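Have the sequence and the model side by side.

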Amino acid sequence: MLAIDKQTARRFILGKQGLWPGRRWRGLEGTAQAMQAAEYLQLDPLQMVARSHDIMLYGRALDYTPGQWEEVTYSQRQFFDWGGWLAVRPMDELPHWRVVMARERESEPRLLDIARQHPQAIAEMRAILQERGTVMNRDFKAAKRTRTESYRGGKDSSLALYYLWRTGEVMTHHRENFERVYALTEKVAPAHLICESDEAEVDRFLIKKEISFNGLSRLNRTSDAYRRGLGRGQTHDALLADGDIIEVKVEGWKATHYALGSDVAILHDLSAGRVPQAWTPLATTTTEEAVFLAPLDPVSARGRARMLFDFDYVWEVYKPEYKRQFGYYVLPILWGDRLVGRFDSKLDRTTNTFIILGFWLEDEALGQDEAFAEALARGFARFVTFLGAREQDVTAINQPLLRGQVSKELDTNE
């Protein structure tokens, strides 16, 4: 078992996700590289300042602009979106996921219910797709469809399309205003990938995928990657015996975690204080320029911020306003390898103005720190450029040094 300290664990997880020590990819090609490294790009439709998946990629790829993920996914067909936990995945993994799709078709209760309750709608949507090529939910008027009570849609046609998508008969051809446009799988995926991998190979893939996504994983949660019923039996033991995965003990963490065997050299480098050469930033480091994390970034979402950074972070977007501690769309601030603060903001699209609604530091002493002030200012300058905002309002930053430096940098950046 490999023993590491918490800083090594933190840097390893950040580095695996392309967030530390700085951005190492650029542009459209870099967007695809960042998506590959992240393993999953979780999609979310909410757009207060920008969508969570776009913010996630802004933090990893230089010169990223909102929507570039769609270019590499739907135009270049390097990726596809799928799953009850909606995420973009590399297209070359499709044969593995087609096995999971088949498993879900036979065992997922909600899918079984749709198949049992709406067989005629499923057959109808299948035929319409053969005839038209592409369809979307809005093509079918509610008044002419059987109404349903499902949270997946209010029409039998929408449930039928969802069923065909989840079970692999259709895929997302592209999106219009974030809504899926469906097509038969053979119209989207390369022919050589429309097949199913060996079951045992898929089980090994799913465990390694889960570990790579997390960097360090306990392998004890039900997730999109670590499928229900897969368990930690023979496949897990075989991966350990083969050295494909290793046990890791992190100082201060009770549970044993797992890493990929191929990452052992990186863990040793980080433990010795060395930055892996492949992680060399193309421009500024996170110490020189703060980065803002997406609400659903895997390094900080779902309680992980507390474990890695001793930073309490809850995405409060679904809480009633009176229960929110900070705000509707709060983003954590990464400086170096630590989360040091957070801010709430919005993009006023009528005036194209980026507005900070609230700003909070974990340590108020940072409000007097010149180095942090400069890093924060550079971070906001890049973020405003990413958003394409023409104006900005940073008066909610209460610390005079930070507010002044941010305002100066943004004025210079115009």
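**The sheet and its surroundings**

Five strands make an open sheet in the order β14-β15-β16-β17-β18, with mixed pairing. This is a predicted model: local features need pLDDT of at least 70, side-chain atom pairs count only at pLDDT 80 or more, and totals for chains, interfaces and linings use all residues. Residues are numbered from 1 along each chain as its sequence is written, and side-chain values use heavy atoms, with hydrogens and water left out. Strands (E, at least two residues) and helices (H or I, at least four) are DSSP runs, numbered from the N terminus. Two strands pair if DSSP finds at least two bridges between them.

β14 pairs antiparallel with β15 (residues 330-335) over 2 bridges. There, F292 has I333 as its bridge partner.

Helix α13 (residues 370-387) packs on this sheet and touches β14, β15, β16 (338-348), β17 (353-361) and β18. Contact means heavy atoms within 4.5 Å. The direction of α13 makes about 145° with that of β17. Such angles run from 0 to 180 degrees between N-to-C directions, with axes fitted to C-alpha atoms, for helices over the stretch in contact.

K346 has I355 as its bridge partner. This second hairpin has 4 residues between its strands, and N352 in the turn has a positive phi of about 55°.

How many residues of β16 are buried? The count is 8 of 11, and the strand is mostly covered. Buried means under 20% relative accessible area, exposed over 50%, and partly exposed in between (1.4 Å probe, protein chains only).

Turn to helix α4 (residues 68-75), which holds T73. T73 is buried, because its relative accessible area is 0%. Leaving out residues up to four places away in sequence, T73 touches M35, Q78, F79, F80 and V88.

Last, the second largest pocket. Its lining has 16 residues, with L86, R152, Y162, R180 and Y182 nearest the centre. α8 (156-166) and β11 (179-184) are the elements that give two or more residues to this lining.

Notes. On a 1 Å grid over the protein atoms alone, a cavity is a set of points where a 1.4 Å probe fits but cannot get out, and a pocket is an open set with protein on both sides within 12 Å along at least five of seven lines; lining residues have an atom within 4 Å of a point.
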